[in-house]
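Biologist: Please show me the model. I will ask, you answer.

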Number of protein chains: 2
Amino acid sequence: MRIVTRCLSDKAARFVPKTGVYPKGYVVGGIHCGVKKNQESLDLALLHNTFAEQEASAAAVFTTNKFKAAPVQVSQRILKESKGFGINSIVVNSGNANAVTGLQGIKDAEDMVLVTDSVLESKSSSTLVMSTGVIGNKLPIDNILSGIPKLALNHLGNTHQHWIDCAKAICTTDTFPKLITKQFKLNEDTYTLAGLCKGAGMICPNMATLLGFFVTDTPVTPSALQQILKYAVDRSFNSISVDGDMSTNDTIAAIANGAAGGEVIDLNASCGERYAALQKEITSFAQELAQLVVRDGEGATKFITIRVKDGLSHKDAKSIASSVANSSLFKTAMYGKDANWGRILCAIGYADVTNGNNSVIPSKTSVKFIPIDGSSPLQLLTNGEPEKVDEERASEILQDEDLIVEIDLGTGGGQSADFWTCDLSHEYITINGDYRS
Amino acid sequence: MRIVTRCLSDKAARFVPKTGVYPKGYVVGGIHCGVKKNQESLDLALLHNTFAEQEASAAAVFTTNKFKAAPVQVSQRILKESKGFGINSIVVNSGNANAVTGLQGIKDAEDMVLVTDSVLESKSSSTLVMSTGVIGNKLPIDNILSGIPKLALNHLGNTHQHWIDCAKAICTTDTFPKLITKQFKLNEDTYTLAGLCKGAGMICPNMATLLGFFVTDTPVTPSALQQILKYAVDRSFNSISVDGDMSTNDTIAAIANGAAGGEVIDLNASCGERYAALQKEITSFAQELAQLVVRDGEGATKFITIRVKDGLSHKDAKSIASSVANSSLFKTAMYGKDANWGRILCAIGYADVTNGNNSVIPSKTSVKFIPIDGSSPLQLLTNGEPEKVDEERASEILQDEDLIVEIDLGTGGGQSADFWTCDLSHEYITINGDYRS
């Protein structure tokens, strides 16, 4: 598996934080337990909530793929049975997805939960389990089950390095670990968020990253947390694309232990303002995290924001943005720094929209490239009529890593959506052509 | 434009016929008129029906993309106004798609029709027009309009070489011209079909090849021809995938001049048997032609049939086959000769199906690789349980250019669908990264 040797790249220097302020009451860690071949590759991660004064709240969003991996099925059941109360741990292995592994796979996932609960002296079924890696191979479960006590007893902590190790231990083809933190205020109370995820290939709407979780010391009920998570994921992890494939394992989970005190945020009207503020914080946090996945798309050399404006509905706007973001021809043109904007229109034209000819009106559609350095945008199409494009300027803009493609649908509906994607490169083919070797 | 220099490949030797028997009453040809830069590249094609004893019937299927290229809009209008009667010519330029070219684009397409009608002394609007190539650039219309008389007056004929030239003149990134012929009998009458198309990139369901047309000397009414064409295209050009993008220009047209005589085939019940026989002939002919497009998928090194069996409906079966055929991860694994069959399941799992959990039942799904050399299939998954796969045998099977992936959904619905696709290779990225350069 080439995965790990690629985990040190120049992107690491740009996107991996050197330090972090972490939420109260959590310990984390990562070790090598023997799923990946390379002995220096971390492949087992654990997060544990140590704040015992009140029950933590948990929420999660899972893949909609019909072939749900065993850990997805097990975590869904545990979360449902707990009603989101008292989930204290998340255990993750990388290197093997435990997907399409039949009944043995379910037992293996359950055993990971059982051993984690037992070694951390938690009540039963208070752990969510995740796996990522190759599909269709049975887990080397003995290595994992003997690794969990070792990790739980000797390698958990709350230093920045512990968080980095945890983030590294969930990587597969990622070239850098994805970890961010954020402090924010709700009225006078200060709270902290920490989040990590892994992405690379198989990234697509309806569960973008393979795996991710974030934790906070904010006090919030499970039902409020679930609703906020769903809202945030829809606008972050479900609005990114690397190659358009939706994995069997995709899971985003959140735990809030309330360790920083303050009034509990609920769905009740009385919490409306704090609820809205928390939703905003978590959504922008999730976007920042999800964007790291695009930055590290397999073989990606570009980071492209598809911004659709004035759609008839949010759903239409997102569908059109997604169609462009997932077009192999568009993504390949971006890799080639080729201002072949016809491919953008082509992808708008075959997007799956609900309102037929009212959703996309060629004679009202405008498209421009917006450089992120603040220099002037380059208009490509105005109300369906092509502009005489300054190719030199286009080429200049496409030299940059970042680009915003703005599509104004001109429908009068006023709904917009952002979608983030990367280019499709030679390196993507190389990575995925022999992923298992 | 690299297009033409790539038009001579080893695939040409395998897939381009050395000779052909052509339907009665047609002349065709292709020349260089100055759309493509390379002076040796043919870029203008013309087909003309010379059989004047009865009015020819025409039919066509067009792209559903909302940004329909100017020639698509013009051809749709002409076909509609003619009700399928008396269309005698098809004129095509390659190298420029005349798409998203505003009002000027419409006028250019209309002028191509006008000049063709005029020089061939046809009644007005008896020509269909097609264009293929880069989107968003205005046509070099003067070169085309002066090329049409030159081609029509001096370079039309009915030899094999004329047909080859015509097929070459519609190529863009194709590495070989796509031309096939077939003779068949309806009762005692012998008829002939000739078809040509161009494909390469942007190939996807709901109009697979960018352009194609076939002609026959069978006598058939326009309404019967239209219905047969739609049926055939659904099972051929709409069941292939190269990169999942649907073009602004996709058009498949057919002309039947009845020059070989015999009873006219209509939708009437009395023609039922001959109608069915003709539909079968045209469908298998269209499949053979469409498969050439996959053989020549941009950068393709493999030809893969996705065969879905026992689906709840034909639509579901086709949607699932399409989902696998369009998965970048699956296609890249095929390029890498990697039996990463988990990616097949993954793509089945996110396919857009109508009957939810009844359409895909993981515990009833089985998958196998079927080599086309007649050696034994390799079972990968049986009723949702993974098989212990003989990797050596898998690798052996994947060395072959051709492969059938058979997915048995086990729903009891008994509906099946075939879909044809190629792999996703380094060469695809190279071709599309700088298509316009």
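The questions and answers below go through this predicted model.

Biologist: In what order do the five strands of the open sheet in chain A run?
Modeller: The pairing in this sheet is mixed. Neighbouring strands are turned by 15° against each other on average, direction ignored. The order is β3-β10-β8-β7-β6.

Biologist: Which strands of chain A stand at the edges of that sheet?
Modeller: An edge strand has a single partner strand, so one of its sides is left without a neighbour in the sheet.

Biologist: Which residue of β7(A) is the bridge partner of Lys182(A)?
Modeller: β6(A) pairs with β7 (residues 189-198) of chain A. The sense is antiparallel, over nine bridges. Within β7(A), the bridge partner of Lys182(A) is Leu193(A).

Biologist: At about what angle to β3(A) does helix α2 of chain A run?
Modeller: Helix α2 covers residues 70-82 of chain A. It lies across β3 and β10 (251-256) of that chain. Its angle to β3(A) is about 140°.

Biologist: And at about what angle to β6(A) does helix α5 of chain A run?
Modeller: Helix α5 takes in residues 160-168 of chain A. It lies across β6, β7 and β8 (211-216). The angle to β6(A) is about 125°.

Biologist: How far apart are the end C-alpha atoms of α8 in chain B?
Modeller: Helix α8 (residues 314-325) of chain B has twelve residues. At 1.5 Å a residue, it should span 16 Å. The model agrees, with its end C-alpha atoms at a distance of 16 Å.

Biologist: Which strand of chain B pairs with β15(B) in the parallel sense?
Modeller: β15 covers residues 402-408 of chain B, and six of its seven residues are buried, so it is largely enclosed by the rest of the structure. β12 (residues 366-370) runs antiparallel to β15(B), joined by five bridges. There Val367(B) has Ile407(B) as its bridge partner. The parallel pairing, over seven bridges, is with β11 (residues 303-311).

Biologist: Which residue of β15(B) is the bridge partner of Thr305(B)?
Modeller: β11 of chain B holds residues 303-311 and pairs with β15(B). For Thr305(B), the bridge partner in β15(B) is Ile404(B).

Biologist: Is the ring pair of Phe184(B) and Tyr191(B) stacked, edge-to-face or tilted?
Modeller: A search of the whole structure finds eight aromatic pairs over all chains. The ring centres of Phe184(B) and Tyr191(B) are 6.1 Å apart. Both residues are buried. Their planes stand at 45°, so the pair is tilted.

Biologist: Over which ring does the charged end of Arg235(A) sit?
Modeller: In chain B, the charged end of Lys178(B) sits over the ring of Phe176(B), 4.4 Å from its centre. For Arg235(A), the distance to the ring centre is 3.9 Å. The ring belongs to Tyr231(A).

Biologist: Is Gly30(A) buried or exposed?
Modeller: Gly30(A) sits in strand β1 (residues 26-31) of chain A. Beyond its neighbours within four places in sequence, its contacts include Leu42(A), Leu151(A) and Cys166(A). Its relative accessibility is 8%, so Gly30(A) counts as buried.

Biologist: Is Thr221(B) buried or exposed?
Modeller: Thr221(B) lies in the loop between β8 (211-216) and α6 (222-234) of chain B. Leaving aside neighbours within four places in sequence, it contacts Ser57(B), Val264(B), Ile265(B) and Asp266(B). At 15% relative accessibility, Thr221(B) counts as buried.

Biologist: What is the relative accessible area of Val100(A)?
Modeller: Val100(A) lies in the loop between β4 (89-96) and α3 (102-119) of chain A. Its phi is near 55°, a positive value in a residue other than glycine. Val100(A) is buried, with a relative accessible area of 10%.

Biologist: Is Glu121(A) buried or exposed?
Modeller: Glu121(A) is in the loop between α3 and β5 (127-134) of chain A. Its phi is positive, about 50°, although it is not a glycine. With 74% relative accessibility, Glu121(A) counts as exposed.

Definitions and conventions:
Residues are numbered from 1 along each chain as its sequence is written. Chains are lettered from A and ligands numbered from 1 in the order in which they are written. This is a predicted model: local features need pLDDT of at least 70, side-chain atom pairs count only at pLDDT 80 or more; totals for chains, interfaces and linings use all residues. Side-chain values use heavy atoms; hydrogens and water are left out. Two strands pair if DSSP finds at least two bridges between them. Helices (H or I, at least four residues) and strands (E, at least two) are DSSP runs, numbered from the N terminus. Axes are lines fitted to C-alpha atoms, for helices over the stretch in contact, and angles run from 0 to 180 degrees between N-to-C directions. Contact means heavy atoms within 4.5 Å. The expected span of a helix is 1.5 Å times one less than its number of residues. Rings of Phe, Tyr and Trp (its six-membered ring) pair if their centres lie within 6.5 Å; planes under 30 degrees apart count as stacked, over 60 as edge-to-face and the rest as tilted. Buried means under 20% relative accessible area, exposed over 50%, partly exposed in between (1.4 Å probe, protein chains only). A charge sits over a ring if NZ of Lys or CZ of Arg is within 6 Å of the ring centre and within 35 degrees of the ring normal.
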